[in-house]
There are 2 protein chains.
Amino acid sequence: MRLLLIEDERELADALSAALSKHGIVTDHTTHLADAFELTRQNTYDAILLDRRLPDGEGLTFIPMLRRTGTDAPVIVLTARNEPLERVEGLDVGADDYLGKPFLVDELMARLRAVLRRPPSLAELQITVGRMVIDPLHLSVTVASTPLDLPRRELLVLVALAKRKDKTVLRSTLEAAVYNYEEEIQSNALDAHISRLRKRLLDAGAGVAIHNIRGVGYLLREE
Amino acid sequence: MRLLLIEDERELADALSAALSKHGIVTDHTTHLADAFELTRQNTYDAILLDRRLPDGEGLTFIPMLRRTGTDAPVIVLTARNEPLERVEGLDVGADDYLGKPFLVDELMARLRAVLRRPPSLAELQITVGRMVIDPLHLSVTVASTPLDLPRRELLVLVALAKRKDKTVLRSTLEAAVYNYEEEIQSNALDAHISRLRKRLLDAGAGVAIHNIRGVGYLLREE
DNA sequence: CCGCGAAGATTGCGGCAGCATGACGGGGAC
DNA sequence: GTCCCCGTCATGCTGCCGCAATCTTCGCGG
C-alpha cells in the first residue's frame, strides 16, 4: 500500500512515515500542494493524507483539483482545525474522512482501513472480445476467466488490437505500440508476433480472430 | 433516501428523525438489534445509523451480521463511547464512520454524504489463495489457519500479488508497492524478495505458486 | 480464368535479455 | 553481542524475439 502524505510539519511527517512503515505502508511525503499535484500525476496512490494549513495554500482546495484530474484515491484530512463546522466543510469538498490533531496512529490506521474497504481504484477499463477479457491498464488477459500469459511483445500487439476491436489498426500503429524509437526493426518481426499470437490464441480457445487487411493493417474480432 | 436508525434513547431518536426529514431523508427507527436485523432483511437502506449500547446487546456485533447477510449499506456508529481505542474497535469490525455524541446534525449529514459518495464496500476483507488466507488491510497471512509471519518487504509483495490473484501484476506495480520514490533500487532486489518469498511459501505448504511472465511481471495462483 | 508480383504466414535458429538462486556483508532491532 | 532482514553481486539457465528463408494468399490486369 502506498500513501501520499502532504504535511509541512517535518517532525510530524517523519514520525508518521515511520509509524506507517511499521504497518507496511510505503509513504511519499511532500510539504507543498504543487509538488503533491505533480506526484499524483506520476504515481497512483491508495490514499492521500492531507494537512489543511500548508505553505502554498489551504489543503482543502487540493481535493477538487484531484477529482477533476480523475484521481479517485480516498483523502483523509489531518488537521488542527477541528471545529465541527470545519469538519463539515472538509467532508463536503470531497474528503473521505476528517481526523483532528492530535490523533492516535491506531485510529488513523483504522480510518484508513475503513476508507480502503472498497473496490480497487479507478474504473476497471476492461475489453471483452470473444471468450477473452483484456485489461489494458494492467496488461492482463484472461480466457474464460483463466489467466493467459503472453510474451511481452505479443501482449502489446494484442492490447493495441483490442483497444480498437472490430476496427483496423494500421501496421505503423502496431509497430509504434510495440517498439520505441531506438528499437529499429528491419524485418517482418511484427508479422512473426502476429503469427505466434494467433497460434497461442487458438490453443487457448479465445474465440477471436486476427484478420489482415492487406497493405493497411490488422483487425481483431470475435469469430 | 432511506435510513435505518438503531437507537434506544427515544428523545434523541425523535429529534434526529425530525432533523433528517428536513433534509428529505426517510428514517425507520428501532430500539433493538433483533428488530433491526428483521428490517434490513425486508428493506434496503441507503445507510444505517447505529448506537453501541442497546437494550439487547452491543451494537457493534450487528455489523458483521449485516455483512454476512450481504447488506453492504454503509454504517455510521453514533455513540457516547468515544475513546480513540473504541473508535478503532468500531471501524475495524466494519463500520464506515464513527461519530461521538454529542454531535452536530450538520456534521452527521456531512459524514453521511462522504460515506455515500464511496462506492459500495464490496472489497474483500480477506483473500483466499490455495491454503492461504491474506488480510490486506491488517497485513496478516495464515496458512491452514496458523499465522505465517513474513519479512516486511516479502509481505508487501505477497499482498500486492494477492490483491490481483490470477492476474498479472506489473513489475513496476510491485516496485511501487514496496519502495517509495526516495528508496531507489539498482539491482535485482525485487527478484531476490520473490525468490525468498517462494521458498518461504513452499516451506509453509501454502499451496500457491508465483509465476513469472517474462518481461511483464508476476502472477499469484493456486497450484 | 490465368499469371505474376507483392504482401503476408509460418517456422527454425541463434543471440542475449531477463529471471532464479545462492552467497556475502552491512546494518538495524532487540 | 546476536539474529536476520535485505541490498548487491555472480552465475547459470530459460525462452523471447529478431532475422531470414520458404511457402501461401491476395489483388490486379489482360
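This is a predicted model: local features need pLDDT of at least 70, side-chain atom pairs count only at pLDDT 80 or more; totals for chains, interfaces and linings use all residues.
Across the interface of chain B and chain A, 14 residue pairs are found in polar contact, counting pairs in which both residues have pLDDT 80 or more.

Several elements of chain B each give two or more residues to the side that touches chain A, among them helix 4 (84–92), helix 5 (105–117), helix 6 (152–163) and strand 14 (217–222). Helix 5 of chain B provides the largest share of this side, with 7 residues. Sorted by class, the side of chain B that touches chain A has 25 nonpolar, 7 polar and 16 charged residues.

Charged residues also meet across the interface. Between chain B and chain A there are 6 salt bridges. One of them joins the side chains of Arg113(B) and Asp92(A), with a distance of 2.6 Å from N to O.

How many residues of each chain are in contact? There are 48 residues of chain B in contact with 42 residues of chain A. The size of an interface is often expressed as the accessible area that is lost when the parts come together. Here chain B and chain A bury about 4000 Å² between them, and 55% of this area lies on carbon and sulfur atoms. Within chain B, the residues that lose the most area to chain A are Arg118(B), Leu137(B) and Tyr181(B), which together make up 14% of what that side buries.

Attention may now turn to chain A by itself. Its domain assignment gives domain 1, covering 2–116, and domain 2, covering 127–222. The centres of these two domains of chain A, taken over C-alpha atoms, are separated by 40 Å.

The next partner to consider is DNA strand C. Of the atoms of DNA strand C that come within 4 Å of the protein, 62% belong to sugar and phosphate. The surface near DNA strand C has 3 nonpolar, 8 polar and 9 charged residues. Helix 8 (189–204) of chain A and helix 8 (189–203) of chain B each supply at least two residues of that surface, and the largest share, 5 residues, comes from helix 8 of chain A.

Which parts of DNA strand C do individual residues approach? Gly215(A) places a backbone N or O atom 3.1 Å from a phosphate oxygen, whereas a polar side-chain atom of Arg214(A) lies 2.9 Å from a base nitrogen.

Terms used:
Residues are numbered from 1 along each chain as its sequence is written. Chains are lettered from A and ligands numbered from 1 in the order in which they are written. Side-chain values use heavy atoms; hydrogens and water are left out. Domain bounds come from an automatic or database domain assignment. A residue is near a molecule or strand if one of its heavy atoms lies within 4 Å of it. A polar contact is a pair of N or O atoms within 3.5 Å; within protein, one must be able to donate a hydrogen and the other to accept it, and residues adjacent in sequence count only if both atoms are side-chain atoms. Helices (H or I, at least four residues) and strands (E, at least two) are DSSP runs, numbered from the N terminus. Ala, Val, Leu, Ile, Met, Phe, Trp, Tyr, Cys and Pro count as nonpolar, Asp, Glu, Lys and Arg as charged, and the others, Gly among them, as polar. Contact means heavy atoms within 4.5 Å. Buried area is the accessible area (1.4 Å probe) that two parts lose on being put together, summed over both. A salt bridge is a side-chain nitrogen of Lys or Arg within 4 Å of a carboxyl oxygen of Asp or Glu.
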